[in-house]
Amino acid sequence: MKTLLLFLFVFFSTLCFSQAKVKAPVTYLWPLPAEYTSGNETLTVDPALSLVVGGNGGSSGILKVAFDRYKAIIFNGVGGIGRMKQKKGSYDISKVRVVVQSASEDLNLGVDESYTLFVLRKDGKAIVGEATIEANTVYGALRGLETFSQLCTFNYETKSMQVHKAPWNIRDKPRFSYRGLLLDTSRHYLPIDVIKQVIESMSYAKLNVLHWHVIDKESFPLEVPTFPKLWKGSYSQWERYTVEDAYEVVNFAKSRGINVMAEVDVPGHAESWGTGYPDLWPSSSCTQPLDVSKNFTFDVLSGILTDLRKIFPFELFHLGGDEVNTTCWEDTPHVNKWLEQQNMTAKGAYQYFVLKAQEIAISKNWTPVNWEETFNTFPTKLNPKTVVHNWLGGGVCPKAVDQGFRCIFSNQGVWYLDHLDVPWDVTYNADPLEGIHDSSKQKLVLGGEVCMWGETADPSNVQQTIWPRAAAAAERLWSAKESTTGKSSNLTALPRLHYFRCLLNRRGVQAAPVENFYARSAPTGAGSCYGFCCLNLVIVADA
């Protein structure tokens with residue numbers, strides 16, 4: 001008995017943490033809600049769980065499909081509803097009531113994703129037999145459904161679905177409006193089904209922007225009807241995306257509250273363009289940057305953006321602008337002659353190209369996003385609408401917001417997922433607002449993005465490279481800083497991240513172990529997925 005008591009003391013001493021105004025055992029929700037209270041009751045969930053809607057947006061098709069999807073996630077994760085024992089009596093939760101105030105399904109940057117979730121016992125005093133989600137938009141309701149799904153756990157002894165620690169009262173909203181994941185489909189082609197799997201898994205962590213780095217110097221897999229020879233730059237005829245494929249990705253993402261921001265990286269990273277249109281190359285020996293001296297180059301760029309604007313409704317569009325080596329412009333006779341005629345240096349031509357690309361994007365009602373080199377090189381010349389995308393290191397967003405620009409944080413030292421030696425806690429403790437103390441300037445930081453560059457990732461390993469470290473950044477971008485920082489934050493976050501990794505595995509996501517020295521590496525031996533966080537929760541619950 002003494003041994004058991006000592007064990008339980010150590011267990012709870014490890015898992016207990018302090019939140020703002022609340023001290024409680026670890027709450028196995030990811031990302032952590034902004035505000036919540038819980039109790040000590042266990043409620044049962046009806047396998048025939050039904051949806052009841054209300055509000056102007058209650059009839060949303062997105063909501064109905066999402067409920068069916070989450071019902072399948074909740075119950076099918078244990079082998080189907082048929083495995084569950086049917087109770088003769090009533091269940092505590094037989095309905096999910098979702099009230100959505102707005103009928104609009106517009107998915108814009110900064111759309112209201114807040115929600116409240118109440119899960120109470122059927123006792124005559126509370127809402128009878130229901131969990132209740134209230135949200136201003138359908139996208140807030142989606143976030144509430146995700147949280148509710150994480151509250152539901154299967155009891156293998158009773159073969160019933162349960163919600164522990166009820167009653168729950170959760171009021172939640174994101175810390176940042178932009179919570180992104182970059183997916184690179186140029187270095188290695190990813191089939192549409194794999195992209196969808198990534199998008200689906202993003203929704204579990206409440207990420208809301210897929211940055212689709214669809215083309216680069218290695219390959220041009222995307223169909224562009226106005227210039228149909230461009231996708232001759234694909235790796236093969238089987239590694240391409242049709243216009244219909246791109247529409248499918250955008251619509252699939254929208255149904256999960258996720259925007260898709262496409263990227264056309266210019267003028268560098270564009271060698272593949274010239275496979276179909278060699279005139280885009282300055283010469284056969286100088287295949288990038290794109291030829292700045294030809295009107296045809298900008299005609300092609302404008303045609304691409306015109307076609308893509310029909311597919312991608314999100315207001316942000318990424319124009320790249322990074323890692324531009326202008327040496328071959330100077331070494332190519334006709335380009336060098338043009339530079340002389342324009343009284344322009346190669347550096348000036350880089351600026352000229354970026355600004356002209358921005359003008360084209362803005363003319364199509366897009367807000368341009370550029371990698372930080374553009375800001376580092378000619379900050380006073382950038383269009384004021386520019387969103388600066390940090391990646392090279394720290395300290396860029398503070399400089400950008402000081403000059404009135406908005407900024408996205410992706411410091412490669414902490415949020416590049418292809419850097420396999422970056423541990424989870426380094427990812428977790430990075431903060432987009434580091435070095436920015438003025439509240440008005442903090443508002444200019446849209447959020448952040450983890451980047452899954454594809455040189456060493458393909459369909460065989462992309463998910464275990466993304467997860468679970470992307471989830472560490474996702475909580476930093478969603479949850480209140482006060483609840484997830486401090487001396488004990490790692491002690492409280494680590495068991496929850498282990499648990500979330502196991503949840504991802506149960507949902508079919510190939511998330512790698514949390515603490516291996518190299519991310520995406522295999523387990524080092526036999527053992528339980530839950531052994532790092534919560535094997536003893538059953539002992540505590542049954543005691």
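**Strand S15 and the enclosed spaces**

Reader: Which way do the residues of S15 point, and are they buried or exposed?

Author: Thr367, Val369 and Trp371 point one way from S15, while Pro368 and Asn370 point the other way, and all are buried, meaning under 20% relative accessible area with a 1.4 Å probe and protein chains only. Strands here are DSSP E runs of at least two residues, and helices are H or I runs of at least four, both numbered from the N terminus. This is a predicted model, in which local features need pLDDT of at least 70 and side-chain atom pairs 80 or more, whereas totals for chains, interfaces and linings use all residues. Residues are numbered from 1 along each chain as its sequence is written, and side-chain values use heavy atoms, without hydrogens and water.

Reader: Why is S15 largely enclosed?

Author: Strand S15 (residues 367-371) is largely enclosed by the rest of the structure because 5 of its 5 residues are buried.

Reader: Which strand is joined to S15 by bridges, and how does it run?

Author: Strand S14 (residues 316-318) is joined to S15 by 3 bridges and the two run parallel, with Thr367 in S15 as the bridge partner of Leu316; strands pair if DSSP finds at least two bridges between them. S15 also has 3 bridges to strand S16 (residues 387-389), again parallel.

Reader: Changing topic, what lines the second largest cavity?

Author: Its lining is Arg69, Tyr70, Leu142, Arg143, Glu146, Ser203, Lys206 and Arg256, where a cavity is a set of points on a 1 Å grid over the protein atoms alone where a 1.4 Å probe fits but cannot get out, and lining residues have an atom within 4 Å of a point. Helix H3 gives the most to this lining, with 3 residues.

Conventions
Buried < 20%, exposed > 50% of the residue type's maximum accessible area, 1.4 Å probe, protein only. 1 Å grid on protein atoms, 1.4 Å probe; cavity = no way out; pocket = protein on both sides within 12 Å on 5 of 7 lines; lining within 4 Å.
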